[in-house]
Amino acid sequence: MTSTAALPADPPVDLWSPRLRAMTVGSVALVSLLAFEALAVGTAMPTVARALDGLGLYALAFGGSFASGVVAMVASGIWCDARGPRPAMWHGVAWFVAGLVVAGSATTMEMLVVGRVVQGFGSGLVSVALYVVVGQAYPEQLRRRIFAAFAAAWVVPSLVGPALAGLIVEHLGWRWVFLAVPAVAIPAALLIQPGLKALAGTVPTRPPAGALARVGWACGAGASAALLHYGGQQRGVLAAALTAGALAGLFVCVPRLLPSGFLRAARGLPTVIGLRALASAAFVAAEVVIPLMLSRERGFSPTGAGLVLTVGALSWSVGSWIQGRIASPRSAASLPRAGLACITIGTAGVASALLPGLPVLPAVFSWAVAGLGMGLLYPSLSVLTLEQSGPAEQGRNSSALQLGDSLAAATVLALTGAVLAAGASPGPASYATTLAVAAGCGLLGLILAGRVVPRPAG
């Protein structure tokens, strides 16, 4: 049986108390670096592909990283439950830094792909370990606030990451998009080292029965996700065949990595993880279509369309801040319901931009409402996951939460790409279809939100 170190009799009531200050700074810094690298690579990759003459491996540079991250999330969950978060955290940082160094020093596209795979594996280890750190190091009354800080740590890179990466590529060279990050990642990891040592009360245990099988299913899910990503870059019959094969692989593998009852929305944790997946699908489906819709239907410049997305990112941060200040919601379902209602209304409202007689402002406001909903929802679901996990289950369940999120986003991106590519060119019908799917995902989540409350024992 795994146990965790006991908290002091009077736990700190602030993220910046002496016992938690370094842990908070280091954890938020690591989240920011993971976010920056995820966003910055997209900006740099066209230049990288030209410089290394590797356009044929362009999709694999993204899909390989995503696939290795899926495997790492599952491995990290098993590892954290058996040994505590410290080993997974340190190995994750090491893999992340090593992958960045390999990618930044690559002389061929094949070498860069290897670096991206290694980097993605490290990111997956770290992301799950950070959730377990929150569960073990932070008292319950601070978890909403630290998850709100993690959300803000994603927002800032989303605002400045692409532009900063562009400046680095233009003035210093694309290699520094990869090589500059370790200079910050290593100090950030050292900051949380004292806090990780304080969690050394975890008694090492053997991995549970079936752990190796879970890693095998994770490999299948990762390969299917990579195939889905690659298929989304293709056209015609090939794209349809690859997408169908990838979806079949995900359908077989993913349920074995998520809690029993996930597909039927069983009460408690299965629904918590399902709502996170539905919200991710809804938001990503709308987010990917907004720039294209505004540029083609309303004549927005790329900068103007990007600013609309920025509004959603900022309101996400506001929503996270608000939920972090709510000490005791009326029920466990209150914040998920509020968040999903905002997501449903917001993604549906974005479609008002397709009506030529209306100004664009209502669509922009709707996207802000959707972002607010994500801010209310995401941290609250993270908190519920930890609340409904025993000490020996925090790694596995945190892994499942992030897996559902990531795979839902990847799936909806591929399907959205298929919808947009179905006709001669994207048009109002394809935009409306995508936004209807987004709103439908949000509405389904809203209907199921009350099921986040577990059935009473006995």
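Buried means under 20% relative accessible area, exposed means over 50%, and partly exposed is in between (1.4 Å probe, protein chains only). The model is predicted: local features need pLDDT of at least 70, side-chain atom pairs count only at pLDDT 80 or more, and totals for chains, interfaces and linings use all residues. Residues are numbered from 1 along each chain as its sequence is written, and side-chain values use heavy atoms, with hydrogens and water left out.

**Stop 1: Ser 399.** Select Ser 399 in helix α14, residues 394-420; helices are DSSP runs of H or I with at least four residues, strands are runs of E with at least two, and both are numbered from the N terminus. Ser 399 is buried because its relative accessibility is 0%. Now show its contacts (heavy atoms within 4.5 Å). Not counting residues up to four places away in sequence, Ser 399 touches Met 73, Val 74, Gly 77 and Val 128.

**Stop 2**

**Stop 3: the nonpolar core.** Select the largest nonpolar core, which has 126 residues. Such a core is a set of buried Ala, Val, Leu, Ile, Met, Phe, Trp, Tyr and Cys residues joined through side-chain atoms within 4.5 Å. Helix α10 (residues 269-297) supplies the largest share of this core, 17 residues. Val 48, Met 89, Leu 112 and Tyr 138 have the most contacts inside the core. Center on Tyr 138: leaving aside neighbours within four places in sequence, its contacts include Leu 15, Leu 20, Met 23 and Arg 143.

**Stop 4: the cysteines.** Search for disulfides, pairs of cysteine sulfur atoms within 2.5 Å: the whole structure has 0. From Cys 253, the nearest cysteine sulfur is that of Cys 219, 9.5 Å away. Cys 253 is buried, at 8% relative accessibility. For Cys 342, the nearest cysteine sulfur belongs to Cys 441, 17 Å away. Cys 342 is buried as well, at 17% relative accessibility.

**Stop 5: Leu 159.** Finish on Leu 159 in helix α5. Leu 159 is partly exposed because its relative accessibility is 32%.
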